[in-house]
Amino acid sequence: MKVEKINFDKKNDKISFLLKGVNESFVNVIRRIITEEVPTLAIEDVEIKENSSGLYDEMLALRLGLVPIKTDLKSYTFKEGCKCEGAGCARCELKMAMKVSKKGYVYADSAVSKDPKCKFVYNMPITKILPKQKVELQMTAILGRGKDHAKWSPGWGFYKKEPVITIGNVKDAEKVANVCPKGIFNAKGGKLALNKDKVYDCHLCNACVDLDDVKLEDTDNYIFTLESWGQLSCKDVLTTSMSILLEKLDQLGANLK
Amino acid sequence: MLIPIRCFTCGKPIAHMWEDYKEQVSKGEDVGKVMNKLGLDRYCCRGVFLGTVELIDLAGEFKRF
């Protein structure tokens, strides 16, 4: 198996790489482990002292649960299997509080976290309050897995086959270059050329093939794209997913003995 | 009511871009270009922005006590 990095978009926390010499089921295992098994922190319990905003309590709690929290996997463990035996301690729970009475949007950044390392990642508007309205609540975040609720999912991975485009005897270069939604072709002086940097953007729509003499084939290599939602960095998501996969295989091997 | 925290379909966190989006669109910029700039490249997330109507101020009036 070979891995080649294609692109790393630091601003949007997005990475794509080429996987060579693997089959589709293996790539799918990576994808499923990332979305379902990699643990992150998310708000699970909300204790509402006062909420006179336009949103119902349930709605407010749901919105808070979906806001990503920067996760430090080294200092938190799952509630089941924690030393406190489910009572709740600083190792398995993160407490946060929020008290806002200023009119306008209630932002996620107004929440005060007990752990300065683990805060809400984005400054999102949670609700909006009018004069004299108030929001006061306490929150508990726990570690969870994406298969239990999507709020614990660390990101989103998807893959496609690597495209190989060969240009044959093209009649109308201009037309082919315009039909491609991703702008993969360049038409200069009636001749069609490939835009080398953009070939990996191709989503195999076959619009160029239907129109003219262009061949579009896919190989057995896969382009895997991972977008992180902000709780963990792309690198952390990938390394944790791999260690989870290894752990699962170890367990399988141990049980077979 | 209010901009959803995450995109309904793909789960991307989007709510933090809402005010930036609203400001730029109200200045008369092209909606599609604003969304490209914000990094919304899937049509599921773009649809959430296009379909959001802020009614929270109106709903808040009925809950004042």
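**Interface, pockets and cavities of chains A and B**

Q: How many residues does the contact between the chains take from chain B and from chain A?
A: The model is predicted, so local features need pLDDT of at least 70 and side-chain atom pairs count only at pLDDT 80 or more, while totals for chains, interfaces and linings use all residues. Residues are numbered from 1 along each chain as its sequence is written, chains are lettered from A and ligands numbered from 1 in the order in which they are written, and side-chain values use heavy atoms, with hydrogens and water left out. With contact taken as heavy atoms within 4.5 Å, the contact takes 29 residues from chain B and, from chain A, 32 residues.

Q: Which three residues supply more of the area that chain B buries against chain A than any other three?
A: The area buried between chain B and chain A (accessible area, 1.4 Å probe, lost on being put together and summed over both) is about 2,500 Å², of which carbon and sulfur atoms give 56%. Of the area that chain B buries against chain A, 27% comes from three residues, namely Ile5(B), Arg6(B) and Lys63(B).

Q: Which element gives the most to the lining of the largest pocket?
A: On a 1 Å grid over the protein atoms alone, a pocket is an open set of points with protein on both sides within 12 Å along at least five of seven lines, a cavity is a set where a 1.4 Å probe fits but cannot get out, and lining residues have an atom within 4 Å of a point. The largest pocket is lined by 21 residues, of which Lys14(A), Phe158(A), Lys160(A), Lys182(A) and Asp201(A) lie nearest its centre. Two or more lining residues come from each of β1 (2-9), β2 (14-20), β9 (155-167) and β12 (214-228) of chain A, strands being DSSP runs of E with at least two residues and helices runs of H or I with at least four. With four residues, the element that gives the most is β9(A).

Q: What is the volume of the largest pocket?
A: Its lining has eight nonpolar, five polar and eight charged residues, where Ala, Val, Leu, Ile, Met, Phe, Trp, Tyr, Cys and Pro count as nonpolar, Asp, Glu, Lys and Arg as charged, and the others as polar. A volume is the space filled by probe spheres set on grid points that are joined across faces, edges and corners, and for the largest pocket it is about 800 Å³.

Q: Which residues line the second largest cavity?
A: The largest cavity holds about 100 Å³ of space, and its lining divides into 11 nonpolar, two polar and one charged. The second largest cavity has a volume of about 40 Å³, and its lining has no nonpolar, two polar and four charged residues. The residues that line this second largest cavity are Asn12(A), Lys14(A), Glu227(A), Lys12(B), Gly39(B) and Asp41(B).

Definitions and conventions
Buried area is the accessible area (1.4 Å probe) that two parts lose on being put together, summed over both.
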